[in-house]
Amino acid sequence: MIDLKQYEIWFVTGSQHLYGSQTLAQVESQAREIATALDRAHEIPVPIVFKPVLTTPEAIQALCLEANNTPKCIGLIAWMHTFSPAKMWIGGLNVLKKPLLHLHTQYNRAIPWATIDMDFMNLNQSAHGDREFGFMTARLRLGHKVVAGHWQDVPTLLLLGAWARTAAAWADWQGMKIARFGDNMRDVAVTEGDKVRAQIAFGYDVYGYGVGDLVQMVNAVGEDEVDTLVKAYLDEYKVAPELLPNGARHASLRYEARVEIGLRRFLEQGNFKAFTDTFEDLHGLQQLPGLAVQRLMRDGYGFGAEGDWKTAALVRAMKVMSAGLFGGASFMEDYTYHFDVENNAAVLGAHMLEICPSIAEPSVKPHLVIAPLSIGGKADPVRLVFNARAGAAIVASIVDLGQRFRMVANGVNVISLPAVMPHLPVARALWRPRPNFPVAAAAWIYAGGAHHTCLSYAVTEEHLRDFANMAGIEFLMIDMETDLEAFREKLRWNEVYYHLKTGMAC
Ligand code: MN
C-alpha cells in the first residue's frame, strides 16, 4: 500500500541572463544530465523530474506555485549551477509550501588544470552561486535541508535518498486520516494531545469512532472469507495445536480472522492509513485485536495502542520512510529491564499483543498462539509470537508539550535473546540503548519521551531529523555522542528557541 514511485521531486536549476544563450544552453544540458542521473540512482527511490532553468523572478515564482498545486510533487531540489542573484528567489521561496533541499554541488568533478579558462570559470560557479542562494534561505529562515557534495558520489546520493523518503512520508501525512476506535486509555497522559494543533502542524486528521461501528463491519464478514484467511494463517505461521481446525480453540482463530477482515474493510472504505484501539473500549468485540493489528501493520498501516494516535501516525510515517528497505518498523513499548551488566541494562520491548512481524527474525516462522491478555476481562486474544532480529535500530516518539510537539529518538542495538522465554506469549525485542542505559534512559525521561515508540531498523537519524525539520518541530537524538548534562542544557535552550519561534503562531 506504500508506493514511493507515485511521487515526484522536481530538480530546479537557478541561473541568470548575463551569461548569454550559449552558456545557458550548457547550463540546461548539464542540469538535465544531473537530474537524469539522480532519477536513475537506486539510492533515491522517488522519481526526479528535470525542470527548465530559472532565470527570472517571475519564472521562479510560477514554478513554486505550480509545485504547490501539483499533488504528486513532494519537494524541490534546488541547485545554482551559475550565479543566480537571490533577490529573484524571494517571491518564489516565500510562497513555496513543499519541502526544499538545496543541493550544493558542481557539474565538473576535477579542475582541468591544463585547460581551465574564464569560460570554465563562468560556467562552474556553484561555489559562489550556491552561497548567494544560501544567504537568502538563511535570511528567510527556511526550514530546508542543505546537502553538499559531488552529485555522483554515493554519500551525496544517500543523503538525497533519505530526504526523498522523508518528503514522501511528509506528503503521506498531508490529509492523512487516522481512525480512532474508542478514546484514550483512561488517565494516561502521554498518549493524549491537541488534535487540532496536530492537524495544523502535521496535516493529518484523527477521526473518532465508537467501537460499535467496527463491530458492525466485523459481524458482517462472511464465513467463506474467514475460511480463506484462516487457510493463509495455517500456511504462513506455526500454529498452536489448539488453534488448528480440529483444535479446541479453533473458533478463536476464526474470530480473529473475522476481525482482521472487518478492520481492513473499515480502513480501506474510509481511506485510513493508521488506526488506534484501546482495551478499555471493546464493547461488542470478543477480544482485543492482536493478530489482525499485527498483519495490518505489516501491510503498511500505522498503529497506536490505548488510543495513541500520535504514535499511530509516526509508525505510518516510518513505514513510508523505510518502504522497500531491509528492516521493518513496528509499534513498540519499553516493557521491562535486564540489568545484566553493571551500570548498564538491556530493554525488553514488547506490547500486550501488537508488534509488527516486519521486525521478526526472517528465518523463523512466527508462532500463532492464544493466551489470556491479563487485563480488560475479555476473551483470550490470538497473537503472533516471535523474536525481533538482532541489529542496529532506532526508537522514536513524538510528544505534545502543550504549546508544541517534540520528537525524541534513541539509537539502539537489538541483541539476540540470551534464553528462550516459553511463558511469555508476546512478540519481543531486546536492545541495548546507545550510548548506554544510564545516559539513554535518563535523557529520554528528561525529554518526556513516551513509553510508546516506533522501532525501525531501516529508518535512521537522518530521516527523522529531516522529518522534524519539515514539520518545524524539535528533534532530540540520543546516541553515542550524547552527554547527559549537555542534553539537559539543550532542552533548556530549545525551550527558549521554540517559545520565541512559536510566538503568536498556532
Ligand atoms: Mn501501551
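Student: Where is the place of Gly149?

Tutor: Gly149 sits in the loop between β5 (145-148) and α6 (154-173). Helices (H or I, at least four residues) and strands (E, at least two) are DSSP runs, numbered from the N terminus. A word on the source: this is a predicted model, where local features need pLDDT of at least 70 and side-chain atom pairs count only at pLDDT 80 or more, while totals for chains, interfaces and linings use all residues. Residues are numbered from 1 along each chain as its sequence is written, and side-chain values use heavy atoms, with hydrogens and water left out.

Student: Why does Gly149 count as partly exposed?

Tutor: Buried means under 20% relative accessible area, exposed over 50%, and partly exposed in between (1.4 Å probe, protein chains only). Gly149 has 24% relative accessibility, so Gly149 counts as partly exposed.

Student: Which residues is Gly149 in contact with, leaving aside its neighbours within four places in sequence?

Tutor: Those are His104, Thr105 and Thr156. Contact means heavy atoms within 4.5 Å.

Student: What are the protein donors of the manganese ion?

Tutor: Donors are N, O and S atoms within 2.8 Å of the metal (3.2 Å for Na, K and Ca); water is not among the atoms, so sites may look incomplete. Glu306 (OE), Glu333 (OE), His351 (NE2) and His452 (NE2) lie 2.1 to 2.2 Å from the manganese ion, and these are its protein donors.

Student: Where in the chain are Glu306 and His452?

Tutor: Glu306 is in the loop between β10 (302-304) and α12 (309-321), and His452 is in strand β18 (residues 452-456). This pair links distant parts of the chain, 146 residues apart.

Student: Are Glu306 and His452 buried or exposed?

Tutor: Both Glu306 and His452 are buried.

Student: What volume does the largest pocket have?

Tutor: About 1200 Å³. On a 1 Å grid over the protein atoms alone, a pocket is an open set of points with protein on both sides within 12 Å along at least five of seven lines, and lining residues have an atom within 4 Å of a point. A volume is the space filled by probe spheres set on the points.

Student: Which element gives the largest share of the lining of the largest pocket?

Tutor: That is α14, with five residues.

Student: How do the residues of that lining of the largest pocket divide?

Tutor: There are 21 nonpolar, nine polar and nine charged residues. Ala, Val, Leu, Ile, Met, Phe, Trp, Tyr, Cys and Pro count as nonpolar, Asp, Glu, Lys and Arg as charged, and the others, Gly among them, as polar.

Conventions:
On a 1 Å grid over the protein atoms alone, a cavity is a set of points where a 1.4 Å probe fits but cannot get out, and a pocket is an open set with protein on both sides within 12 Å along at least five of seven lines; lining residues have an atom within 4 Å of a point.
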